[in-house]
Amino acid sequence: MKLPVLRGTLFIRLAALVVMAVLASQIFTLWLGVKQKNTLLAEQLYAQVIDTLADYEGALESQPPAQRDRFLLANNHTGLPRLLPLSQAQAVDRRVPPMGRQLAQQLGEVLGEPIHVQFRRGDRQELWLRVPVLDSHYWLVVPLARFLPPSLRPTLQAAGLIALLSLLAAFALAWRTTRPLSQLVAATRQLEAGHTPPPLTPSGPREVRLLIERFNGMAQALDKAASERRLMLAGLSHDLRTPLTRLKLAVEMLDPGPDSEGMLADIDELSHIVSQFIDFARSEEPRALEPVALGELVDSVLSRFARSGMAVAWQRSDVALPGDALGLQRLLSNLLQNARRYGQAPYTLTLAQDGAEAVLCVLDSGDGIPPAQQEAALAPFERLAAHRGTDGGSGLGLAIVARIVRQHRGQLRFVYPPAGGFGVEVRLPLKTVASAVQAGSSAV
């Protein structure tokens, strides 16, 4: 069984929508958290720098100018904010992090002059800011390690885990929402193929449950209407047979006259039409599939047509498949009857096995059905304009064939052999997963 193509399905679209919403919310939340954390750290760093400058400015005012550098060097404690003479400059990296550039800009606005800033990497990550204090310039060294944002790896791992759980929940929700719709689509395909599907169990969202309930009601109403139509059609056809038989007997008992032969021919045509109506009604009835030897079935049908003077060339071939023997007899009889009525001799019948299918083809030497009218020819009671009112048919022959082919999960197509002529090819599966005729009750 082929898996359904998921591309473009409602399941994929719902899942993609939820996935996009989850990822977008995760990214926005992560961005907002990082931004707020950086803002808070920057405010704390600025406050510490201002307090440090204020403390050193107060301390330097109490020191003589000649002793200020000595005082600063004596208070040069690594790992703490400190003020150093410009002569203590060290090798630093000019690639300053955004927090350092922002701090330099803020200090420049407060101190009234541009602040030169450098950054020292390594074991101690420090900002070196050239700031004015009293009447001189100094290096303000600020340890930056505790103000830098922590690694995002734990946060990303947690966000990834939450996103994964959200995605699993999204796929489960989408599957639960779309599964009833998939079952409904499968049921509509059965209904389209001419079979009444079993009632579906309403599930899913309220709108989907309501849709399934309405579909179940519609399928039951169509099945009831089809059953009533079959009963009416079969009853009328059966009731017509008795008066037709009496009428034929009465005509045959009359003295032969110039109109007797024509009257008998008309009665035979009416009987044939009634038989087609009965066959059409019976083709809707569910039947169990049983092993059928097509070779023997073809021999039986051909022998019947041979007694009526129709010679059909065919080479015996043995192919067995699960099917409805009576329905397949009707199928072959209608194909041969159409070939005799609308085609030309010689007639040929072929039966072969092609992979997992049995291929049955009835060929004649006529012109066949024009491609533009082939679809209409398969419709019930549809008769082509060239034969309307002149052939004594009812327009049900190919409709019966098409219905029996559908019940066997087969395919029907019209062929034009390279040597000329016209044929109807029927492909029937040699194996069926489920009983097609048992599963369906009626064609609608």
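This is a predicted model: local features need pLDDT of at least 70, side-chain atom pairs count only at pLDDT 80 or more; totals for chains, interfaces and linings use all residues.

Residues are numbered from 1 along each chain as its sequence is written, and side-chain values use heavy atoms, with hydrogens and water left out.

**Stop one: the cores**

Select Leu331, Leu332, Leu335, Leu336 and Leu349: of the 37 residues in the largest nonpolar core, these touch the most other members. A nonpolar core here is a set of buried Ala, Val, Leu, Ile, Met, Phe, Trp, Tyr and Cys residues joined through side-chain atoms within 4.5 Å. Buried means under 20% relative accessible area, exposed over 50%, and partly exposed in between (1.4 Å probe, protein chains only).

Now zoom in on Leu331. Beyond its neighbours within four places in sequence, Leu331 is in contact (heavy atoms within 4.5 Å) with Leu360, Val401, Ile404, Val405 and Val426.

Ten of the eleven residues of H10 are buried, including Leu398, Ile400 and Arg403. After H10 comes Arg409, with a positive phi near 60 degrees.

**Stop two: the aromatic pairs**

How many aromatic pairs does the structure hold? There are four. Rings of Phe, Tyr and Trp (its six-membered ring) pair if their centres lie within 6.5 Å; planes under 30 degrees apart count as stacked, over 60 as edge-to-face and the rest as tilted.

Pick Phe28 and Trp31: their ring centres are 6.0 Å apart and their planes at 35 degrees, so this pair is tilted. Both sit in helix H1 (residues 10–61), three residues and about one helical turn apart. Phe28 is partly exposed, at 48% relative accessible area, and Trp31 is partly exposed at 48%.

Then jump to Phe414 and Phe422, a stacked pair at 5.7 Å centre to centre and 20 degrees between the planes. Both Phe414 and Phe422 are buried.

**Last stop: the surface**

Finish on helix H4 (residues 153–192), where you'll find Leu165. Is Leu165 buried or exposed? Leu165 counts as exposed, at 51% relative accessibility.

How values were computed: Helices (H or I, at least four residues) and strands (E, at least two) are DSSP runs, numbered from the N terminus.
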